[in-house]
Amino acid sequence: MDLKGKKVILHDMCLRDGMHAKREQISVEQMVKVATALDDAGVPYIQVTHGGGLGGNSLQHGFALASNEEYISAVAPKMKQAKVSVLLIPGLGTMKELQSAYDCGARSVHVATHCTEADTSPQHIAFARKLGMDTTGFLMMAHLNDAAGIARQGKLMESYGAQTVYVTDSAGYMLPDDVKARIGALRAVLKPETEIGFHGHHNLGMGIANSIAAIEAGATRIDGSVAGLGAGAGNTPLEVFAAVCERMGIETGVDLFKIMDVAEDIIVPMMDHMVRVDRESLTLGFAGVYSTFLLHAKRAGDRFGVSARDILVELGRKKMIGGQEDMIMDTAMTMAKERGLL
Amino acid sequence: MKKIRCALIGSGNIGTDLIYKIQRSPVLEPVWMVGIDPESEGLARARDMGLKTTAGGVDGLLPHVLEDNIQIAFDATSAYVHAENSRKLNALGVMMIDLTPAAIGPLCVPPVNLRQHADKVEMNVNMISCAGQATIPIVNAVSRIQSVEYAEIVASLASKSVGPGTRANLDEFTYTTSSAIEKVGGARRGKALAIINPAEPPMIMRNTISCLTDDEPDHVRITESILQMIGEVQKYVPGYRLVNGPIYDGNKVQVFMEVAGLGDYLPKYAGNLDIMTAAATRTAEMFAEEILKGSITLKPVV
């Protein structure tokens with residue numbers, strides 16, 4: 001398909017999804033350094049929070065080096081053109097925390113629910129709009145709902161006030177046809193002025209291909225992270241995606257060489273482990289498991305002597321979803337008991 | 001044996017499940033079911049089960065309170081109408097058990113503080129939230145042994161068991177439960193997380209409770225306290241089960257629980273709803289026992 005001349009808005013996730021890959025240990029100084037470089041490269045939206053978003057600081061999701069307020073208020077004033085965005089998952093984050101993020105300078109929000117539970121987000125979406133924020137309804141683990149279901153859920157979020165609806169491949173499980181079917185179904189039911197976005201994970205190496213498929217089906221916003229710093233095998237690597245867009249004539253407004261430099265000179269040296277498709281992250285993509293579970297499963301596996309892959313496959317079988325990180329430890333203990341290890 | 005006569009306000013799932021639990025009670029008798037829709041299934045079912053019904057809301061019940069000697073009412077409507085319902089019934093000397101998030105009365109978790117509320121003859125007690133009922137006993141079991149700096153609970157609920165009211169007001173659920181972890185659980189800071197999982201077949205309610213103690217936790221005494229507390233909850237919720245733990249990691253104590261319902265009217269996986277109706281029934285029974293013994297008397301609140 002000829003996508004020449006299409007305009008697409010890129011949204012970087014290094015400083016939010018990337019927090020998962022860094023066990024929430026990104027310093028305020030690093031956040032400012034990365035965000036400033038991304039801003040300079042022309043990335044229009046930069047997400048900055050704990051990996052779990054607002055309210056994420058917890059025993060369940062780990063404690064970050066600083067509060068969300070500290071991160072946002074350090075980054076936001078330094079931005080020349082980029083908007084700072086946040087993630088808000090109802091049930092974890094609240095409207096009080098959204099108000100506080102707004103007061104610190106956040107101007108865009110992904111309000112995220114599991115792909116079948118959009119009706120837990122009306123208060124939060126309406127409140128974000130009231131604040132005048134660029135407001136996205138973010139349907140996570142979208143492979144667990146079919147195209148017609150995603151369309152119904154997206155329509156609900158639009159009815160609450162979402163200006164953009166995202167198909168979110170949290171498990172990095174989808175293939176291009178899965179993406180096209182869901183985005184196409186949304187495009188058919190949403191108002192023409194409502195935008196559609198795609199957030200990929202690279203667990204099957206499909207981040208770029210899926211994002212291009214999304215654009216073909218009508219998406220105009222794409223999430224990724226520079227050098228793929230994100231949960232699991234990372235997000236769609238943004239500098240690679242920018243290069244592909246340039247080859248295809250898709251307009252992103254991002255300076256390719258600058259964003260390549262951010263990847264190589266700033267992000268890669270920050271990584272604690274190479275964020276790549278390895279045995280465990282491939283298991284996530286293959287079994288359809290929430291990408292954030294990766295490091296938790298490795299830790300639980302080490303503690304109780306069960307392989308992380310076995311734990312991840314079992315979590316997939318039990319249909320655990322984002323937010324249920326406690327069930328990783330629980331599952332590991334139950335498996336260890338069954339194997340006579342505990 | 002004489003029983004205390006009760007009214008149920010709200011003819012939805014919770015109200016209907018309460019009929020079953022109250023009918024089994026040796027000290028309670030369900031007499032009235034109050035709804036707002038004459039065509040509602042809940043009111044029809046209540047009539048079939050031998051209750052008197054009104055579709056006129058609480059105002060439809062008021063003229064019958066004294067002649068039918070109603071002494072305890074359960075409110076399973078919404079936070080928005082609860083205060084008015086409570087005021088009208090309290091004025092007639094009816095004690096109110098609040099299953100909405102209104103929380104105008106003191107928070108009640110039966111094995112933790114019910115005795116205290118009964119002794120003070122509180123005329124309105126609030127049952128917090130399902131996650132609160134399922135987790136606060138454990139937080140309290142730790143904090144009664146050693147001071148708890150922070151307690152965090154994660155409640156996973158089957159999608160089918162979460163009604164439209166809770167969905168549209170998830171923040172209230174979070175605030176109410178977090179605050180009760182502190183006030184009733186005894187932690188200095190509390191945080192509640194909720195996850196709604198749509199898996200089929202529906203998952204049974206799960207709860208993970210984590211406490212950070214100020215000093216190194218005494219494994220033996222805390223484990224014993226938790227197991228004893230689980231036994232107390234099991235007296236009114238037989239499906240309250242320890243799956244894993246307690247496990248200790250530095251100052252962190254973690255307990256992994258499951259709550260299966262009795263399957264009265266609500267399906268077994270909806271342990272979250274069952275623990276609310278069971279705790280409310282247990283609360284009413286304690287008040288009823290004291291009224292029947294003559295040790296407390298309910299008086300109109302003017």
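pLDDT is the predictor's confidence in each residue, on a scale from 0 to 100.

View 1. The structure shown is a predicted model, and chain B averages a pLDDT of 95, with 100% of the residues of that chain scoring at least 70. For the model as a whole, the scores are ipTM 0.93 and pTM 0.94. Where pLDDT is low, the predicted coordinates should not be read in detail.

**View 2. The contact between chain A and chain B.** Chain A brings 24 residues to this contact and chain B brings 25 residues. On the side of chain A that touches chain B, the helices α5 (122–130) and α14 (326–338) each supply at least two residues, and α14(A) gives the largest share, which amounts to five residues. Sorted by class, this side of chain A holds eight nonpolar, 11 polar and five charged residues.

**View 3. The two assigned domains of chain A.** The domain assignment divides chain A into domain 1, covering 9–270, and domain 2, covering 292–338. The centres of domain 1 and domain 2 of chain A, taken over C-alpha atoms, are separated by 26 Å.

**View 4. The contact between domain 1 and domain 2 within chain A.** Here domain 1 of chain A contributes 14 residues, while domain 2 of chain A contributes eight residues. The side of domain 1 of chain A that touches domain 2 of chain A consists, by class, of five nonpolar residues, eight polar residues and one charged residue.

Terms used
Residues numbered from 1 in each chain as written. Chains lettered and ligands numbered in written order. Predicted model: local features only at pLDDT ≥ 70, side-chain atom pairs only at ≥ 80, totals over all residues. Contact = placed C-beta atoms within 7 Å. Helix = DSSP H or I, 4+ residues; strand = E, 2+ residues; numbered from the N terminus. Nonpolar A, V, L, I, M, F, W, Y, C, P; charged D, E, K, R; others polar. Domains from an automatic or database assignment.
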